[in-house]
Every structure is written in C-alpha cells, then in structure tokens.
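Trainee: Could we go through this model together before I set anything up? I would like to ask about it piece by piece.

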Amino acid sequence: MQEETISIFLIFSLFLVVIIITAAFHEFWIKGRLLLNPLKPNVPCDGISNIPIKVQFVDPFGKPRKQKRDRLVELRSSSGNIQNVVVPEGKETAIAVLRSSNICGLVSLKGRSGIQKAHARVNFIGNVEELVLEISPTKIPADGISISSVVIKVKDRKGNFITSQDEWIVEMSTTLGTITNPVKISPGTFSGIAILTSGKETGIATVRATLGTLHSEKDVVIEELPERYCMNCGDPLKRDLNTCPNCKKTQISDNEIKECNSCTSIIPANAMFCDRCGAKQPV
Ligand SMILES: [Zn+2]
Ligand SMILES: [Zn+2]
C-alpha cells in the first residue's frame, strides 16, 4: 500500500517536472527573453516629456525573436505614466511610451509577460533653477516668541514647481531672530517649512535659503512691540510699567483667561480692558 503511494507520488512529481520544463522551454526558447530598452536614458521631470521604451523578445543569443501570437506585456513604472503594450503576432518588438512626472530622480520600470520579467531604469532630470520663499506673516513683533513661517519650494527652468525622489536639504539662516536649520524637503513633496522666531531686537531679518548652488533671500520686519493698554482703565500704558500712571492700579494677572471680545487676544479673565487693543470687556 505504501509502495503504491510512493510510486504515485513519484509519477506525479515527474509529471510536474515535465510540465515545468516544457513551460520554461516554451517561455524562454519559443517566446524568447523579455527585454525593456529605453530609447532615451533621461528626460526632464516636467510631466510632459516622453521616453519611448522598446519592448522586445530576444532568443538566448540576444537576437530578436518573432512571436507566434500576440503577447501582452504589462508595464509598471515607479513614477510617471506608462501603458501596457502588445507585441503583435509576427513581430518581435512593440514601443511603449513612458510619460514623465514632476517627481525628479531615478525611475524603475518593470515589464511582465507570463512568467517573464524585465527591468530597466531611466532618469527624470530636474533642472533645478530657482528656490522660492513664501513668508507669512512678513511682520512680527520683537517679543522673542512670535513666529513667521517660511515655505521653501523649488522651481525648474520652465517655472514649474518640482519635487525629487531624493531628499533635498536646504540650509537656512537669518540675520535677526532664529530659524529652523536645515529644512528637509521629503521625497515626492513640493515644499519644506522653516520657522522664524523673533528675538528682542527690532529691524530687518534677512532670511536666506541655500540648496546646492542656489540661493534665495527674503526680508521679514521685526517691529516694535505693539502698544499696550491698562487692563483696569484702558489708558495706553508703556511696556515697562506695571502700575498705571492714570488709575494707579497694578496690572492684572490671573490663571483664568478669556478671549478679548474685540481682537480675540487671550487676556486675564477679570481684565476690564484688553491690554492688546484697549477694548472694554463686557462685565
Ligand atoms: Zn489704568
Ligand atoms: Zn483686545
């Protein structure tokens, strides 16, 4: 009984091996080996440039092999856009078109037809041309805590914003206050962000960004602290005074807070006037 099981198993295994060898013979000898051959190694990462890809079957010696029937070749790319192609009966080649994206960097291509696989690599090249800084707000008080956000973007020669498959590291500096440094623009994203924090010194903060050989600068005004008002009587009050010359009362501090009904600043809950805008608070 056991011998019988073993021989059935052996026959089955042999049968499987024959099928596999036949399939492999068919795939690699009759059909030929699948090859992807980009006709250009690179194009700009502009979202419109194309790379023609020669999709071909070749024999073990590298000679193109005509197909006995239509062969569908599924194509995938890590970036950009590509469609499947059919190598028609009687031909050995089809041309696929890879359209670039706005993501710059190496792109890997994969082709598949049955059990056959092929790889190729191309490059979407970024003509990095300009660093763009978007700063908001462009005026902050010199209180040592106010912040301004600095968004950094990269433009190509044609004025398109572009991104990279590698990380971009942008060096940041400022002539006043402090700024996040460096800023990383992650792969596939179009911007990075730095935070400028004011110091106690007033003046122009020149923010400078550097990426490789590119530089960009923009100014932020670090201005005098805004006027302040007495929380008891609403009279203007100098920054360094705690006792109001008008009502002779000291300024209020409280753990409880509320929002000013006029400018929405956060003020002590029992303030009668907002110290930021001077507005009388409802009782
Ligand atoms: Zn007062
Ligand atoms: Zn207010």
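Predicted model: local features only at pLDDT ≥ 70, side-chain atom pairs only at ≥ 80, totals over all residues.

Trainee: Into which domains is the chain divided?

Mentor: The assignment gives domain 1 (27–125), domain 2 (128–223) and domain 3 (227–283). The centres of domain 2 and domain 3, taken over C-alpha atoms, are 35 Å apart.

Trainee: And what does the secondary structure of the chain come to?

Mentor: The chain has 1 helix and 22 strands. Its radius of gyration is 34 Å, whereas the globule rule gives 19 Å for 283 residues, so the chain is more spread out than a compact globule. Along the principal axes, the C-alpha atoms fill a box of roughly 110 × 60 × 30 Å. Of the 283 residues, 36% count as buried.

Trainee: On to the metals. Which residues coordinate the zinc ion (ligand 1)?

Mentor: The donors are the SG atoms of Cys230, Cys233, Cys244 and Cys247, at 2.3 Å. Along the chain they follow the spacing C-x2-C-x10-C-x2-C. Cys233 sits in the loop between strand 19 (228–229) and strand 20 (236–237), and Cys244 in the loop between strand 20 and strand 21 (257–259), so this pair ties together parts that are 11 residues apart in sequence.

Trainee: Why is the arrangement around the zinc ion (ligand 1) called tetrahedral?

Mentor: The 4 donor atoms subtend angles of 106 to 117°, and that makes the arrangement tetrahedral. For reference, the ideal angle for four tetrahedral donors is 109.5 degrees.

Trainee: Is Cys244 buried or exposed?

Mentor: Cys244 is buried, with a relative accessible area of 1%. Cys233 is partly exposed, with a value of 22%; the cut-off for buried is under 20%.

Trainee: Changing topic: what is the order of the 3 strands in the open sheet?

Mentor: The order is 1-3-6, with antiparallel pairing. Strand 1 (33–38) and strand 6 (93–99) are the edge strands, each pairing on one side only. On average, neighbouring strands of this sheet are turned by 25° against each other, direction ignored.

Trainee: How many bridges join strand 1 to strand 3?

Mentor: There are 6 bridges between strand 1 and strand 3 (residues 50–58). At one position, Pro38 stands opposite Ile53 in strand 3.

Trainee: And where does Asp70 lie?

Mentor: Asp70 is in the loop between strand 3 and strand 4 (71–77). Asp70 is partly exposed, with a relative accessible area of 47%. The C-alpha atoms of Asp70 and Asp46 are separated by 34 Å, although these residues are 24 residues apart along the chain.

Trainee: What about strand 18: which strand pairs with it in the parallel sense?

Mentor: Strand 10 (residues 139–141) does, over 3 bridges with strand 18 (residues 214–223), and Lys139 stands opposite Val221. Strand 17 (residues 203–211) pairs with strand 18 in the antiparallel sense over 9 bridges; there, Thr206 has Asp219 as its bridge partner. The hairpin of strand 17 and strand 18 has 2 residues between the strands, and Gly212 takes a positive phi near 60° in this hairpin.

Trainee: Backbone details next. Where are the cis peptide bonds?

Mentor: One runs from Ser136 to Pro137, with omega near -5°. Pro137 lies in the loop between strand 9 (128–136) and strand 10. Another runs from Asn181 to Pro182, with omega near -10°, and Pro182 is in the loop between strand 14 (178–179) and strand 15 (183–185).

Trainee: Which residues other than glycine have a positive phi?

Mentor: Among them are Lys248, with phi near 65°, and Thr264, with phi of about 60°. Lys248 is in the loop between strand 20 and strand 21 and counts as exposed at 61% relative accessibility. Thr264 lies in the loop between strand 21 and strand 22 (266–268) and counts as partly exposed at 48%.

Technical notes
Residues numbered from 1 in each chain as written. Chains lettered and ligands numbered in written order. Heavy atoms only, no water. Pairing = 2+ DSSP bridges. Helix = DSSP H or I, 4+ residues; strand = E, 2+ residues; numbered from the N terminus. Axes fitted to C-alpha atoms, helices over the stretch in contact; angles between N-to-C directions. Donors = N, O, S within 2.8 Å, 3.2 Å for Na, K, Ca; no water. Tetrahedral: all angles 85-135°; square planar, octahedral: opposite > 155°, others 65-115°. Buried < 20%, exposed > 50% of the residue type's maximum accessible area, 1.4 Å probe, protein only. Domains from an automatic or database assignment. Rg over C-alpha atoms; globule rule 2.2 N^0.38 Å.
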